[in-house]
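This report is meant for a reader who is meeting the structure for the first time. It begins with the terms and then moves from the overall fold to particular contacts.

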Amino acid sequence: MAGVSVLSERELRVLELIARGLSNAQIAEEVGLSVSTVKNRVSDLFAKLGVRDRAQAVIVAYEAGLVTPGHGRP
């Protein structure tokens, strides 16, 4: 798995929102993008991080300190 340093600021924000449990539709609303654009961003960041799914992406986000346990949705 690659580190989060390979991600853009917007990708980091999407990763943070994934780790907070938001769906693609909720992320789209939060960042002002279409759902299809969010899906593409999620796929791109999975590829950049070398992860297969949201669960692995959440682990990366926690390890990078983007989120901490006990902090729910924004």
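## Terms and basis

Axes are lines fitted to C-alpha atoms, for helices over the stretch in contact, and the angles between N-to-C directions run from 0 to 180 degrees. Helices (DSSP runs of H or I, at least four residues) and strands (runs of E, at least two) are numbered from the N terminus.

The model is predicted, with local features needing pLDDT of at least 70 and side-chain atom pairs counting only at pLDDT 80 or more, while totals for chains, interfaces and linings use all residues. Residues are numbered from 1 along each chain as its sequence is written, and side-chain values use heavy atoms, with hydrogens and water left out.

## Overall fold

The protein has 4 helices and 0 strands, and its elements follow one another from the N terminus as α-α-α-α. Its radius of gyration, taken over C-alpha atoms, is 11 Å, close to the 11 Å from the globule rule (2.2 Å times the number of residues to the power 0.38) for 74 residues, so the protein is as compact as a globular protein of that length. The C-alpha trace spans about 30 × 25 × 20 Å along its principal axes.

Of the 74 residues, 36% count as buried, where buried means under 20% relative accessible area, exposed over 50% and partly exposed in between (1.4 Å probe, protein chains only). Among contacts (heavy atoms within 4.5 Å) with a separation of 6 or more, 62% come from residues 24 or more positions apart.

## Helix 2 against helix 3

Helix 2 and helix 3 (residues 35–49) pack with their axes 8 Å apart and at an angle of about 105°. That makes the two helices roughly perpendicular, a class that covers 65 to 115 degrees, whereas angles under 35 count as roughly parallel, over 145 as roughly antiparallel and the rest as oblique.

On the side of helix 2 the contact involves Asn-24, Ala-25, Ile-27 and Ala-28, which meet Val-35, Val-38, Lys-39 and Val-42 of helix 3. By class, this contact of helix 2 with helix 3 has 6 nonpolar, 1 polar and 1 charged residues; Ala, Val, Leu, Ile, Met, Phe, Trp, Tyr, Cys and Pro count as nonpolar, Asp, Glu, Lys and Arg as charged, and the others, Gly among them, as polar.

## Helix 1 and its surroundings

Several residues of helix 1 are buried, including Val-14, Leu-15, Leu-17 and Ile-18. The buried residues of this helix pack against helix 2, helix 3 and helix 4 (54–63). After helix 1 comes Gly-21, which has a positive phi near 95°.

Val-6 lies in the segment before helix 1 and is partly exposed, at 39% relative accessibility. Leaving aside neighbours within four places in sequence, Val-6 is in contact with Glu-11 and Lys-48.

## A salt-bridge network

The whole structure holds 4 salt bridges, each defined by a side-chain nitrogen of Lys or Arg within 4 Å of a carboxyl oxygen of Asp or Glu. In one of them Arg-13 meets Glu-16 at 3.3 Å, N to O; these two are 3 residues apart in helix 1 (residues 9–19) and so are separated by about one helical turn. Glu-16 is buried, at 17% relative accessible area, whereas Arg-13 is partly exposed at 27%.

Arg-13 also forms a salt bridge with Glu-30, their closest N and O atoms being 3.0 Å apart. Because Arg-13 lies in helix 1 and Glu-30 in helix 2 (residues 24–31), this pair ties together parts that are 17 residues apart in sequence. A further salt bridge joins Arg-20 to Glu-16 (3.1 Å, N to O), and through shared partners Arg-13, Glu-16, Arg-20 and Glu-30 form one network.
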